[in-house]
Structures are given as structure tokens and as C-alpha cells.
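Colleague: I have not looked at this one before. Could you walk me through it?

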Amino acid sequence: MTRKKHFVIPLVVLALATLAALACSAVGGGTTGPTEVPSLFKDDFSSSSSGWSTGNSDSSSVDYGDGDYVMKIFTTEWFVWGNPEESFENVHVEVTARNTGGATDTTFGIICNYQNATNFYYVGIDTQGFYAIFKTNPSPPDQILTNNGDWGESADITKDAASYRLGADCGNGTITLYVDGTQIASASDSDFSQGDVGLFAWTAQEANSEIRFDDLVVTALP
């Protein structure tokens, strides 16, 4: 399998220092498919007071914008993320993601079972069909849990799509990645059994990246 030219490196991470108080992110009904499923948490990012972390630096910014949660990265090999400071266990997470910055090797996706800055899982894709499921390590590089420790490439990930509906199952010792309703990969690991959800973007060799997230829904796994 062709290795993605975007490898695991010791990440330079922007720690998002401005953590707004959680508001307007109440439990309510939501849909993640044809059948209505009660949501544990949802956000369409129409309100900038819904509790997600924001921050700005010379290298990147994370903020609300035009009804989206927007991550901009201005340098290469840079990882940013944001969380709403909620704790969940055994959940399915979905979000719509758009790469609007033109950097085709930017990876973007979902964080789950977030304990702290060095303990969480994350699943991601780029617009060229590459994907991976990761587990953070206190000392980088992070561990790829799929494809015998390597990136994968899937024909089920449409190249250069206008948007992607990303999904992640996180619970019962399994982390699973979905793209547009199709299961792409799954991995087993039980070190982190619960925690916050989140979103991330990560540049490789192309800078000036912009990823926009919308319509996040968290539901309980069966």
C-alpha cells in the first residue's frame, strides 16, 4: 500500500488557552441518519458561546466563523484541536467537514475519549483518500492503530469532495472511522474508556490550511 506522504512526527501542538464556559449545548433530539436517534450533545456552531475552545497564534487560529467551527493553520507540520469540555462514554460522533484552504495533504477529523493533551484517540482523513486511526503518546510520535502502524488509502473516500460526513465510534474497546456513512477502518484499544470529544486539523508539507466543521452530533452506542 502506498504510504501517505504525511507521516507521524513529533507534533508541535497549539494548546488552545481560551476555554469558554459551556453554554447552549444542551441535550436534545437529533438525527444522524434515516432513523431519529436522541443526541447526547450536538452543535451547529451558529452560536459562538456554545463552549468550544478558541485560540490564535502566529501559526494557527481556531474560532467560530459564519456558522462553522474553523481551524486555520499557517505553517507546515502543525496540529490544532478544540473541545467543548464535555465527558462521554461509548459514543458515536458525526460531523461535516470541509477543506476550504486548498492544502490537499491536511488531515482533519474527530477526537474522542480525550483525557488531556497527551491522552486521546483521533481519527482523520485528507481529501486525497488517505486515513488513519491514532492514539496519542506522552512522547511523540503518536501511534497509528490501523494498517499495521501505517496510513491507509481508501477508494470509499471521494477525492476532493466539497464536504465529508465523518463519523467515529468510540467505545467498548473499539475505535471505528466512517466517511459518508461507509465504514473505512476499525481498531481495538481500551486504554481510554471515556472523555471529551473534539475536532482537529493537521498540516503536512502544505501550509495555509483551512478546515471548517459543522453539524456535530454525539449519540450513544448501542
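Modeller: The protein has zero helices and 19 strands; both are DSSP runs, numbered from the N terminus, with at least four residues for helices (H or I) and at least two for strands (E). This is a predicted model, where local features need pLDDT of at least 70, side-chain atom pairs count only at pLDDT 80 or more, and totals for chains, interfaces and linings use all residues. Residues are numbered from 1 along each chain as its sequence is written, and side-chain values use heavy atoms, leaving out hydrogens and water.

Colleague: What is the mean pLDDT?

Modeller: The mean is 87, and 84% of the residues reach 70 or more. pLDDT is the predictor's confidence in each residue, from 0 to 100. Over residues 1–34 it stays under 50.

Colleague: How is strand E16 joined to E15 and E17?

Modeller: E16 runs antiparallel to E15 (residues 164–171), with six bridges, and antiparallel to E17 (residues 182–188), also with six bridges. Two strands pair if DSSP finds at least two bridges between them. Each pairing is a hairpin with two residues between the strands: Asn-172 has a positive phi of about 55° in the E15–E16 turn, and Asp-180 one of about 50° in the E16–E17 turn.

Colleague: Is E16 mostly covered or exposed?

Modeller: Mostly covered: five of the six residues in E16 (residues 174–179) are buried. Buried means under 20% relative accessible area, exposed over 50%, and partly exposed in between, with a 1.4 Å probe and protein chains only.

Colleague: And across the protein, what share is buried?

Modeller: Buried residues make up 54% of the 222.

Key: Contact = heavy atoms within 4.5 Å.
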